[in-house]
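User: I would like to learn how to read confidence, helix packing and nonpolar cores in a model of this kind. Could you take me through them in turn?

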Amino acid sequence: MRLVLLLTAVSAFAQTARPPAFEVASLKVSSEAAGRVSSDVAPAGVTFRNASLTIIMRWAYKLPACQISGPTWLADERFDIVAKAAGPSKEDEMRPMMQTLLTERFKLEVHRETRTMQGFALMEAKGGHKMKPSGPDSPAEAIQDPVKGSIVTGASMAELAEDLAGPLNAPVLEMTGLKGRYDFIINIRAHLPTDRKPGDPPPDPADIFMEALQQDLGLKLEPRKAPVEVLVIDHMERRPIENRSEEHTSELQSPCNLVCRLL
């Protein structure tokens, strides 16, 4: 009897220890290498179209590209992924599922380490912020208006700092001291230089965001070096394991973001 109980306990532990995974997933090289990149995250699952591994890993590990250290070809190949969860799932619940998919299909091996990097501190500007505290019923969303820019509701400062790291290609530390969630409008395009001539170098994204944050939100970015977590890729195959036939789909189960909306 004791042996039966022990085997049952071991079996139950093995089942619960399996990494989270999508119920069904299809991953293939995109046929539109020069096409538009798109993504859709819904309770039923995740879809990426024509997305590089850099984009996919940024979402899966919730890190900006500057905090992912790996081979230069990560941005070269484009892939289509259609992954379905077993039941309605939250976005943060599906990120580990995507990590499992990448591990299985690309033989991904990673470790985390701390590195000191040049980045920015997001702080409240002199005179105070210009944002409105979110009401209890404010949805967490961002809507693009062709005239006003991004109309954002229900955003925390930690989320804003995290999303700014993408276009700035640098870690952004949340140091505003502002708690809770806020509604605001920020129009990045309105702060793009209008006097550029053909052949002029592209504007520095940091200058544009500094101006937009200061004028629209009453926030500021200050250059700051700080220790940050970096995901280091130890091994990754350039080509994924091919999709299996439909009748064996179960074997695959195993083992956009605010910034994009701001631009």
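Analyst: The dialogue below takes these topics one at a time, for a model that is predicted.

User: What does the chain average in pLDDT, and where does pLDDT stay under 50?

Analyst: Where pLDDT is low, the predicted coordinates should not be read in detail. Here the chain averages a pLDDT of 86, and 85% of the residues score at least 70. The score stays under 50 over residues 245-257, for which the model has 21 contacts beyond four places in sequence, and again over residues 259-263, with 15 such contacts.

User: At what angle do helix 2 and helix 3 pack, and how far apart are their axes?

Analyst: Helix 2, residues 53-61, packs against helix 3, residues 91-106, at an angle of about 135 degrees, with the axes 7 Å apart. Since angles count as roughly antiparallel only when over 145 degrees, the two helices are therefore oblique to each other. Helix 2 contributes Leu 53, Ile 56, Met 57, Trp 59, Ala 60 and Tyr 61 to the contact, while the helix 3 side includes Met 94, Met 98, Leu 102 and Phe 106. By class, the residues of this contact divide into ten nonpolar, one polar and two charged.

User: Which residues touch the most other members of the largest nonpolar core?

Analyst: That core has 30 residues, and those touching the most other members are Phe 22, Leu 53, Ile 56, Met 57, Met 98, Leu 102 and Met 236. At least two residues each come from strand 1, strand 3, helix 2, strand 5, helix 3 and strand 12. Apart from this core lies another, of 27 residues, among them Phe 120, Ala 155, Ile 188 and Leu 221.

How values were computed
Residues numbered from 1 in each chain as written. Predicted model: local features only at pLDDT ≥ 70, side-chain atom pairs only at ≥ 80, totals over all residues. Heavy atoms only, no water. Axes fitted to C-alpha atoms, helices over the stretch in contact; angles between N-to-C directions. Helix = DSSP H or I, 4+ residues; strand = E, 2+ residues; numbered from the N terminus. Parallel < 35°, antiparallel > 145°, perpendicular 65-115°, else oblique. Contact = heavy atoms within 4.5 Å. Nonpolar A, V, L, I, M, F, W, Y, C, P; charged D, E, K, R; others polar. pLDDT = per-residue confidence, 0-100. Core = buried A, V, L, I, M, F, W, Y, C linked by side-chain atoms within 4.5 Å. Buried < 20%, exposed > 50% of the residue type's maximum accessible area, 1.4 Å probe, protein only.
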